[in-house]
Each structure stands twice: as C-alpha cells, then as structure tokens.
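Here is a short note for a colleague opening this structure for the first time. Please read the points with the model on screen.

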Amino acid sequence: MATAHPQHLLIAGGGIGGLAAAFVLGRAGHRVTVLEQSAAFGEIGAGIQLGPNIFRMFDYLGITQAVSNVAFFPPGLGMNDVRTGEKVIRVPLGDTALAAYGFPYGVIYRADLHTVFLDACKALPNVTLRTSTKVESFSQDSQGVTLKLAASEGTAAQTLRGDALIGADGLWSRIREQVVGDGKPRVSGHIAYRAVLKREDVPAHLWSDDVLLWGGEKTHLVHYPLRRGELFNLVAVFHSNKYDEGWNTFGDTAELTERFADAVPQVRELLGKIETWKMWVLCDREPVKNWSDGRVTLLGDAAHPMLQYLAQGAGQAIEDAVVLGEAIATCNGNVSEAFHNYQKARYLRTGRVQLTARFYGDIYHASGVQRELRNQMFQGGKESAGFAGLKWMYDGIDPAKMFR
C-alpha cells in the first residue's frame with residue numbers, strides 16, 4: 001500500500017503500541033524509525049486479554065493468524081467471590097462472543113504479541129529499529145521535528161531529524177511532559193503482583209480454561225491459560241500505599257499472603273505455588289482532550305494510561321495505531337492536521353475506557369453492602385455492569401470509515 005505523501009516518522013518507544021504504529025505506517029509506505037531506550041526490543045509482563053475489538057484490528061492489519069498461533073481462546077469469562085467461593089457470574093465466550101461481535105475473545109502472553117508486531121516490522125525494509133536510544137526532548141519547526149537523544153555508554157548525545165514524532169513512550173512519557181505537561185501519573189493505591197506458571201506446575205483441581213476473577217474486599221485474583229494452554233497466568237491485585245516507578249520489581253510474598261488470608265482454600269493454594277512475584281503499582285491519568293502539538297502526538301499509555309480492570313491498555317494502543325494511520329493517509333501530507341484529526345477521533349473513546357476501568361476496579365473490590373449488591377445483581381442476570389454492558393467497547397471501531 002503506497003502513499004502519495006511519504007513521511008519520515010519518528011516513534012519514541014518500542015512497546016506494543018510503538019511497534020503497532022510502526023507496522024501500520026511502514027506498510028503504508030512511510031519511512032519509520034523506532035527508538036527504544038532499552039538494549040533490546042522486548043516486553044516485560046505476563047498475560048493480557050484481547051477483546052473482540054482488538055481482533056477486529058488484527059483482521060484489519062492482516063495478522064490474525066500470527067496472533068492466533070500463540071494465543072489461547074477461553075470458553076468463558078467468570079467471577080467468583082474470593083471469600084465464599086460462590087459464583088457471581090459467568091459469561092460464555094467462544095462462539096457466543098464470535099456471534100455477538102464477529103470476532104473472538106482471546107488471551108495472550110504479552111511478549112508473544114510484542115513479537116508478532118516486531119516480526120512484522122522487521123519484514124518492512126522502510127522500518128528502522130534502534131535500541132539503546134533514549135529521547136530526552138524535542139523541538140519542532142514548520143518543516144519537521146528534531147529530537148535530542150541522551151548520551152549512552154560510548155556514545156555522545158546526538159540529534160535526529162524527522163518529519164513528525166509519535167510519543168509511544170509509556171506512562172512516564174517524556175514526550176507527554178512537553179506536549180501536555182500534567183505532571184506525574186495518578187497513583188491509584190492499587191498494587192499488582194504477576195506471575196506465570198508452567199502447566200505441569202498447576203494441579204488439575206486448580207486449573208481453569210476460563211478467564212476467572214476472584215473478587216474480594218480491596219483484593220482480587222485473576223488467572224487464565226496462555227500460549228495455547230502451555231502456561232498459566234496469575235495476577236493478584238490489592239490496595240497498598242507502596243509506590244515504585246517500574247514494571248519489574250520483586251514483590252513481597254508475605255504481604256501478598258496477608259492480603260489474601262481470608263480467601264477460599266483454592267485461591268490460597270494457587271498463590272502458594274508462586275515463589276517469586278513481580279509487582280507494579282497501578283497508575284493512570286485524567287482523560288485529556290488534546291495530546292498533540294503540531295508535528296508531535298502521543299499514542300497508547302503516553303496519551304491515555306488506564307487501569308487494567310477492562311484489560312484494554314494494549315488494545316487501545318493498537319486501535320490508536322490504526323486510526324493514526326488512517327488519519328495520516330487522508331491528510332494530503334499535512335501531518336499536523338492528521339494528528340489533530342486522530343486525537344479528535346480517539347479522545348472520547350479512550351477517555352470512556354479510562355473512567356470505566358476505574359469503576360470496574362470498584363466492582364471487583366467491593367465490600368459490605370456494595371459486595372452483596374454486586375453479587376445479587378450479577379447472579380440475577382442483570383449484566384448491565386458486566387460483559388453485555390461493554391458492547392460499546394467490544395463492538396470496536398471501523399477506521400476505514402472514520403475519515404472518509
């Protein structure tokens with residue numbers, strides 16, 4: 001797919017969102033340079049869920065088979081009460097999700113999804129992938145953007161020139177500091193511990209093919225298979241005052257055990273199978289209407305970081321990439337106009353996901369009367385706050401119609 005107005009587009013950040021944007025723009029014929037500050041391209045993390053709206057994007061990009069080869073497709077999405085073990089709700093997936101939305105619901109190892117996009121970018125000769133390259137700041141004029149790159153071992157500080165810049169550099173984005181300038185992220189007070197087990201290390205009575213969430217007072221555990229069922233992903237979340245900027249810190253097993261002391265035996269047994277946990281503090285930001293400045297825009301967590309409770313962080317970044325590609329394709333070479341149109345098309349949807357994710361955190365962690373009402377409503381089949389209530393999100397977007 002050739003473009004009549006090829007650009008040299010610089011992308012700060014080589015995570016899932018940055019590589020998705022590089023692939024979208026590279027296959028359209030633009031010259032793309034991805035700048036990753038780590039020494040190698042890779043993803044830290046465990047599993048992520050892929051709603052039908054994300055598979056719609058995979059289909060649009062022609063990578064559905066590559067994703068499906070390493071994904072797992074759970075038969076259901078359920079929630080149990082962590083203290084009593086009672087089933088709060090179970091929503092069938094599989095053919096049900098396919099019939100409702102036209103696309104499936106899957107789960108995948110974050111590193112595997114990252115690899116799909118990395119391999120797709122490597123197959124494009126006009127996409128350059130640079131590691132150990134940290135963007136310190138940018139300046140721009142009417143002709144393009146100049147990046148100031150940090151000095152690294154054996155390399156002096158450098159500059160890099162391009163036609164435009166896409167900041168896909170995550171929650172603590174340096175690009176956002178200059179574009180939005182809204183300070184540090186909002187600390188939610190929730191902390192997540194994550195781990196992955198091999199299938200043979202999970203006793204049969206603890207295994208479930210479903211995406212299963214155990215909701216409790218200020219705590220929850222979610223687990224599901226990964227990589228065609230070869231692995232088992234666990235994420236335990238609880239309220240905490242700890243704060244650590246990063247995604248790869250070792251957790252305190254004693255604190256985790258204490259927080260889940262009142263959980264049903266199967267939950268405590270499952271948590272006990274993990275010797276080492278990695279933790280991260282959950283943060284987001286208030287939704288904003290503007291995340292672009294001339295020839296510079298933001299994407300993914302840099303634009304609209306969200307809590308994990310709707311499992312949409314990576315998915316919304318991929319939607320961003322596709323919409324951004326369409327905006328650039330229809331702007332007749334005016335990148336600033338394209339960036340404006342892109343954020344205009346995205347900010348209400350991503351803002352709704354950000355705010356709804358906070359609400360779902362309250363549902364999962366309900367206590368007292370709120371907990372009883374949650375269980376009663378869901379068990380009574382009133383799923384307005386459940387899977388059916390998210391049709392607006394799972395229906396997805398049609399980017400081909402967005403600017404035409």
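**Notes on the model**

1. Start with the second largest pocket. H11 gives the largest share of its lining, five residues. Helices (H or I, at least four residues) and strands (E, at least two) are DSSP runs, numbered from the N terminus. H10 and H11 are the elements that give two or more residues to this lining.

2. Before going further, note the basis. This is a predicted model, where local features need pLDDT of at least 70, side-chain atom pairs count only at pLDDT 80 or more, and totals for chains, interfaces and linings use all residues. Residues are numbered from 1 along each chain as its sequence is written, and side-chain values use heavy atoms, without hydrogens and water.

3. The pocket has a volume of about 180 Å³. That volume is the space filled by probe spheres set on grid points, which are joined across faces, edges and corners. A pocket is an open set of points on a 1 Å grid over the protein atoms alone, where a 1.4 Å probe fits, with protein on both sides within 12 Å along at least five of seven lines; lining residues have an atom within 4 Å of a point.

4. The second largest pocket has 10 lining residues. Nearest its centre lie Ile 363, Gln 370, Leu 373, Arg 374 and Met 377. The lining holds seven nonpolar residues, one polar and two charged. Here Ala, Val, Leu, Ile, Met, Phe, Trp, Tyr, Cys and Pro count as nonpolar, Asp, Glu, Lys and Arg as charged, and the others, Gly among them, as polar.

5. Now H11 itself. Arg 371, Arg 374, Asn 375 and Phe 378 are buried (under 20% relative accessible area; exposed is over 50%, partly exposed in between; 1.4 Å probe, protein chains only). Seen down the axis of H11, the buried residues fall within an arc of 90 degrees, so they line one face of the helix. The arc is taken from the directions from the helix axis to the C-beta atoms. On the other side of H11, Val 369, Glu 372 and Gln 376 are exposed.

6. Two loop residues deserve a look. Most residues other than glycine have a negative phi. Arg 228 has a positive phi, near 60 degrees. Arg 228 sits in the loop between strand E14 (219-226) and strand E15 (231-239) and is partly exposed, at 41% relative accessibility. Asn 332 also has a positive phi, about 55 degrees. Its loop runs between helix H9 (313-329) and H10, and Asn 332 is exposed at 63%.
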